[in-house]
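Please examine the sequence and the structure shown below before reading on. The paragraphs that follow lead through the chain step by step.

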Amino acid sequence: MIDTVAEDEDMAERAGDEVLRFVERFALDLTGAGFPRMAARVFASLLVADEGRRTASELAEVLDVSPAAVSGAVRYLVQVKLVVRERGPGERRDHYRVLDDVWYASIVQRDAELLGWERTLAEGVAAVGEETGAGRRLDETRRFFEFLRAEIPELMQKWHRQRES
């Protein structure tokens, strides 16, 4: 007779290994896009958590890292608004949670940031002169951000329509 408990444990371990491999692969992808390495690992770990949330100690255990490494990573992720910090009534530990629509929220929140960049770039154009190579480059960048800000609302509406279908 086959020991089904041992078989179940073996299957769970293999599935866990696959999940950890995914976390590391996706973290490498994010790192390649400019994320700090530990923040990328923490973010990927939160994405694969069924509830999308974990405590700092759970993150440290899952990733086999120090609590200090997790602290810096979650601070970065909260700052860039990819993760929220929560604490339930009567709880003593913070939970870090990734929102289900994290990428949507992240893009929508960038509107004010893009507007600020546009204004600063316009100041840069005025400082270096419109007809200089630098002025043309700065203005091209400003116009690109202006274009993005104009297009993002329609893209987000398209996303909602596609998501609902």
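The model considered here is a predicted one. Lys81 is not a glycine, although its phi is positive. Its place is in the loop between α4 and β2. With a relative accessibility of 47%, Lys81 counts as partly exposed.

Asp64 is a residue other than glycine, and its phi is near 55 degrees. The relative accessible area of Asp64 is 70%, and this residue is therefore exposed, the cut-off for that word being over 50%.

Helix α4 itself can now be considered. It comprises the 13 residues 67–79, which should span 18 Å at 1.5 Å a residue. The end C-alpha atoms of α4 are 18 Å apart, so the expectation and the model agree. Within this helix, Val70, Ala73, Val74 and Leu77 are buried. These four residues cover an arc of only 95 degrees around the axis, and they therefore lie on the same side of α4.

Helix α2 has twelve residues. From its first C-alpha to its last it reaches 17 Å, close to the 16 Å expected at 1.5 Å a residue. Its buried residues are Ala39, Ala40, Arg41, Val42, Phe43, Ala44, Ser45 and Leu46. Ser45 has a relative accessibility of 0% and therefore counts as buried, since that word applies under 20%. Apart from residues up to four places away in sequence, Ser45 touches Val23, Arg54, Leu59, Val62 and Leu63.

The loop between β2 (84–86) and β3 (95–97) contains Asp94. The side chain of Asp94 is joined to that of Arg87 by a polar contact of 2.9 Å. When neighbours within four places in sequence are left aside, Asp94 is in contact with Thr55, Ala56, Arg85, Glu86 and Arg87.

A database record concerns part of this region. In an unreviewed entry, UniProt lists residues 34–93 as "domain: HTH marR-type". Over residues 34–93, the chain is 55% helix and 10% strand. The end C-alpha atoms of this stretch are 30 Å apart.

How is the protein chain as a whole divided into domains? Domain 1 covers residues 1–98, and domain 2 covers residues 102–164. The C-alpha centres of the two domains lie 32 Å apart. Where the domains meet, five residues of domain 1 are in contact with five residues of domain 2.

Helix α5 consists of residues 102–128 and includes Arg119. The relative accessible area of Arg119 is 55%, and this residue is therefore exposed. The C-alpha atoms of Arg119 and Arg142 are separated by 8.0 Å, although the two residues are 23 residues apart along the chain. Helix α6, residues 133–164, is the place of Lys158. At a relative accessibility of 47%, Lys158 counts as partly exposed.

Two distances relate these later parts of the chain to residues discussed above. Lys158 and Ala44 are 114 residues apart in sequence, and their C-alpha atoms are 26 Å apart in space. For Ser45 and Phe145, the separation is 100 residues in sequence and 32 Å in space, C-alpha to C-alpha.

Conventions: Residues are numbered from 1 along each chain as its sequence is written. This is a predicted model: local features need pLDDT of at least 70, side-chain atom pairs count only at pLDDT 80 or more; totals for chains, interfaces and linings use all residues. Side-chain values use heavy atoms; hydrogens and water are left out. Helices (H or I, at least four residues) and strands (E, at least two) are DSSP runs, numbered from the N terminus. A polar contact is a pair of N or O atoms within 3.5 Å; within protein, one must be able to donate a hydrogen and the other to accept it, and residues adjacent in sequence count only if both atoms are side-chain atoms. Contact means heavy atoms within 4.5 Å. UniProt positions are given in the numbering used here, feature names are shortened, and annotations may be inferred rather than shown by experiment. The expected span of a helix is 1.5 Å times one less than its number of residues. Buried means under 20% relative accessible area, exposed over 50%, partly exposed in between (1.4 Å probe, protein chains only). The arc is that of the directions from the helix axis to the C-beta atoms. Domain bounds come from an automatic or database domain assignment.
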